[in-house]
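The following questions and answers set computed values against the definitions behind the terms. Please consult the structure shown here while reading.

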Amino acid sequence: MNFLSENIYYIGAFSLIFIGLYILLVKKNLIKVIIGFSILDTGIYLFLITIGYIADGTAPIFSKSGLKADRMVDPVPQALVLTAIVIGVAVLALAVSLAVRLYGHYGTLNLRKIKEQRW
Amino acid sequence: MRKLIGIILLTIIAAGISLSLKEIPFGIPKTIIGNHFINKGIEETGAINIVTSVVVGYRSFDTLGEITVLFTAAIGLGALFSLYKNKKTVIYKEPASLIVYTGCRFLFPIIVLTGIYIIIHGHLTPGGGFQGGAIIASAFLLMYLGCTGKRINYKLSTIAEAVGGLTFITLGIVGLITGKDFLFNFISKGEPASLMSAGIIPLIYMAIGLKVGSELTGIIDNLIEKSQ
Amino acid sequence: MEIIVTILILLMIVSAIAALVFKDLISAIIASCIVSLIAAILFYFLQAPDVAMAEAAIGAALVTGIFIIAVKKTKRFEE
């Protein structure tokens with residue numbers, strides 16, 4: 001029970017990563033695979049921010065003038081995740097546009113049927 | 001059969017990861033560079049928001065790479081849809097009702113004003129260029145969904161995106177000419193916690209906000225407009 | 001405080017499993033939007049307000065909008 005209450009954030013992040021990986025491996029519809037990508041990305045961001053958390057810390061902004069500097073959360077993972085979120089949405093938009101063009105060409109979005117029609 | 005193999009593989013990976021999670025305890029400081037950024041952040045860059053000073057001050061070259069990736073994705077999306085023709089005469093089945101139309105027209109300037117406020121105060125409060133740009137793009141998405149029939153001005157959007165990108169690179173080259181490094185902070189840092197402080201950080205964030213906002217709006221416009 | 005975090009994480013996992021199971025694609029998109037929103041709340045609890053604002057604006061508004069526009073141009077139901 002103590003193990004569960006301490007590591008609940010890790011369990012949540014890794015559950016999202018595994019559900020995203022399962023959708024990637026098993027599902028046949030192309031848009032569902034792209035939804036799985038988005039869930040996998042959200043799990044990874046949650047894991048990165050959980051690593052940088054310090055117990056009883058506060059956000060890294062000096063809003064009041066007398067704030068102590070040794071009780072702040074690590075700011076480096078937050079900067080990395082900010083970059084990663086924007087790149088994630090760019091890749092997602094490109095993947096969705098490719099899916100729309102594939103539907104216009106083949107007439108179906110089933111991955112097994114698209115693989116069978118070669119050239 | 002495929003589901004069974006998938007579940008077995010994922011169970012093996014999950015067992016391996018949970019064995020190695022014991023080395024990463026929760027809530028204990030793990031890196032040393034974070035302490036340096038927190039202690040010396042205000043003297044060296046002048047911004048109160050430490051995450052802003054990391055993203056745009058200490059590691060601004062990575063931000064330039066991220067803007068390049070966003071730009072490449074927008075170009076790729078535009079190139080994929082360039083063979084379709086624009087819908088000239090559109091027959092809408094039912095236009096939006098009066099309440100939705102008036103509500104969207106009323107909310108649009110408020111959301112754009114919030115986005116501009118978040119962009120400008122990026123170095124004082126949580127926020128910055130990326131968050132404000134996304135809020136401006138969602139305001140334009142609301143206009144596309146609520147008031148059908150209004151489109152953005154293509155020339156204005158192209159000029160805004162070009163001005164944003166060029167301002168970023170020009171600030172970097174001016175830093176290279178006058179100071180020592182690319183993207184060197186050549187304007188004096190004022191006193192902290194005032195609006196005109198932190199050197200070139202507010203200027204870079206305004207350029208990033210303009211570029212990201214117009215780019216995401218262009219992506220949504222390409223997806224809605226060009227059809228088959 | 002711990003109870004609120006535990007309930008939110010359980011809700012997030014149930015919502016992700018719902019995105020896996022639904023056959024109507026619009027319902028799966030709304031389930032992934034719920035996952036993004038609860039992740040934004042959890043980012044605030046982990047003392048990261050910049051990341052919470054970015055995830056709420058980009059993950060919950062723009063990604064959902066792009067997906068729904070794409071489903072409108074293709075089929076709505078799976079296979």
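Q: In what order do the elements of chain C run from the N terminus on?
A: The elements of chain C run α-α-α, and the secondary structure comes to three helices and zero strands. Helices (H or I, at least four residues) and strands (E, at least two) are DSSP runs, numbered from the N terminus. This is a predicted model, in which local features need pLDDT of at least 70 and side-chain atom pairs count only at pLDDT 80 or more, while totals for chains, interfaces and linings use all residues. Residues are numbered from 1 along each chain as its sequence is written, and chains are lettered from A and ligands numbered from 1 in the order in which they are written.

Q: Why is helix 2 of chain A called roughly parallel to helix 1 of chain C?
A: The axes of helix 2 (8-26) of chain A and helix 1 (residues 2-21) of chain C cross at roughly 5 degrees and come within 10 Å. Axes are lines fitted to C-alpha atoms, for helices over the stretch in contact, with angles from 0 to 180 degrees between N-to-C directions. Angles under 35 degrees count as roughly parallel, over 145 as roughly antiparallel, 65 to 115 as roughly perpendicular and the rest as oblique. Therefore helix 2 of chain A is roughly parallel to helix 1 of chain C.

Q: Which classes of residue make up the contact of helix 2 of chain A with helix 1 of chain C?
A: This contact has 12 nonpolar, three polar and no charged residues. Ala, Val, Leu, Ile, Met, Phe, Trp, Tyr, Cys and Pro count as nonpolar, Asp, Glu, Lys and Arg as charged, and the others, Gly among them, as polar. Residues are in contact if their C-beta atoms, placed from the backbone, lie within 7 Å. Among those that meet are Ile19(A) in helix 2 of chain A and Ile13(C) in helix 1 of chain C.

Q: How do you know what span to expect for helix 4 of chain A?
A: The expected span is 1.5 Å times one less than the number of residues. Helix 4 (residues 76-106) of chain A has 31 residues and reaches 45 Å from its first C-alpha to its last, close to the 45 Å expected. Gly107(A), whose phi is positive, near 90 degrees, follows helix 4 of chain A.

How values were computed:
Contact = placed C-beta atoms within 7 Å.
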